[in-house]
Amino acid sequence: MSEVVKFTEEMKATHTILIPYMLPIHFEMIAQCLRKEGYKVELLKTSGRRIVDEGLRSVHNDTCYPALLVIGQMLDALKSGQYDPDKTALMITQTGGGCRASNYIFLLRKALKQSGFPQVPVISVNTSNLESNPGFKLTPNLIMHVLYAAMYGDALMCLANQVKPYEIKSQDTQKLLDQWCEEMVRQFDSTRFLHFKKNIKRMIQDFEAIPVSGEKKIKVGIVGEIYMKYAPIGNNYLEDFLIREGMEPVLSGVMDFAMYCLKNNILDVGFYGFSTKTLLVNKTVLALLQRYQNLMIKMINQSRFEAPTPFAKLPAYADGYISTGVKMGEGWLLTCEMLDLIDHGVKNIVCCQPFGCLPNHIVAKGMTRKIKDQYPDSNIVAIDYDPGATEINQENRLKLMLSNARVNAQRDKA
């Protein structure tokens, strides 16, 4: 194997770092956090069939769809002529998971070499010492900024999804989202972003001020593999589709996934006997994140909006359904999210999964029968996303599920 090209300290001043797009609200703020640390970063917001085709040329078609899209998007950017390959780097997360969560980076490097870009460094963002890059450091300051950006992103996403389906004037919600993203970008240049309670209160007030209709719409929960769940390019702009169909989309925040990873590390001490130092660090960080999430939830519950379930309550849903030792393919969290949605009256659920992702199928589609046995009125549809799946076929399956949702809603009213 050829030598890995490292992102050096000198490259920090000369190279533009391209980042794949997953969470539209969160990533805008996270990109600014990276810029504050002196990195030149750009979010890739391209979409369309050419991204898929580029991925198919560069990655084996049996590789999961998220990997194909991320790699296709990056190679499409390099081939566009918009970036100098000699002054461009790519950034990707590497979680240490049991599947492509760790292997993306190797697939990407192989694709770069085959496409004639062997000089382009790939930066691994990880907290597990999987790889290091001399020019990129996860400093305590950067980690703190990114965590705050993620928490604010969760709050904005929660509020926006409860306003956008009801807005009287089109684009009011998006304009406010843009304003708040710009506001948080400015705050990250000072210490104002630390005023968490004050900022959440202002966010709630601003979203409450948007004129909305009084009609109550059917709620549809979205769960699934993390990329397919959040990335518009991955799920064919599912949230927008549901809103056009007269529904209210419901998504859990990405901080739930971060806390799920920490919780797994704590559980692994019991399963496998890891060090007490690892246990203490994970418990401390998890408790801190839960404190901030609980504060956000408390404030949202004091408004006209509905707050998400505290993460601390989610693991209990696994009892009788799935072991908390199951952690591949979003593991027990995905099953618990479905049960939590149903428990809170959101009985219509779309599960977004990459075709061929066996772990995700087990914890999602594989659990559907068990869930339906307990909740016969639940309305769950699993949508597979892959290069060969047509958008119209996916929409038809969704429309069938939504038709059932409308029938059930009418029945409940009668």
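## How helix 11 crosses helix 13

In this predicted model, helix 11 and helix 13 cross in a right-handed way (the near helix is turned clockwise from the far one by less than a right angle). Helices are DSSP runs of H or I, at least four residues, numbered from the N terminus.

On the helix 11 side, the contact (heavy atoms within 4.5 Å) uses D256, F257, Y260, K263, N264 and L267, and helix 13 brings G331, W332 and L333. That splits into 5 nonpolar, 2 polar and 2 charged residues, with Gly counted as polar and Tyr and Trp as nonpolar.

## The second largest pocket

This pocket has a volume of about 740 Å³, the space filled by probe spheres set on its grid points. A pocket is an open set of points on a 1 Å grid where a 1.4 Å probe fits, with protein on both sides within 12 Å along at least five of seven lines; lining residues have an atom within 4 Å of a point.

There are 32 lining residues, with P24, I25, Q174, L177 and P232 nearest the centre. Helix 7 gives the most, 7 residues. The lining comes out as 17 nonpolar, 8 polar and 7 charged.

## Ground rules

Residues count from 1 along each chain as its sequence is written, and side-chain values use heavy atoms, leaving out hydrogens and water. Local features need pLDDT of at least 70 and side-chain atom pairs 80 or more, while totals for chains, interfaces and linings use all residues.

Conventions. Helices (H or I, at least four residues) and strands (E, at least two) are DSSP runs, numbered from the N terminus.
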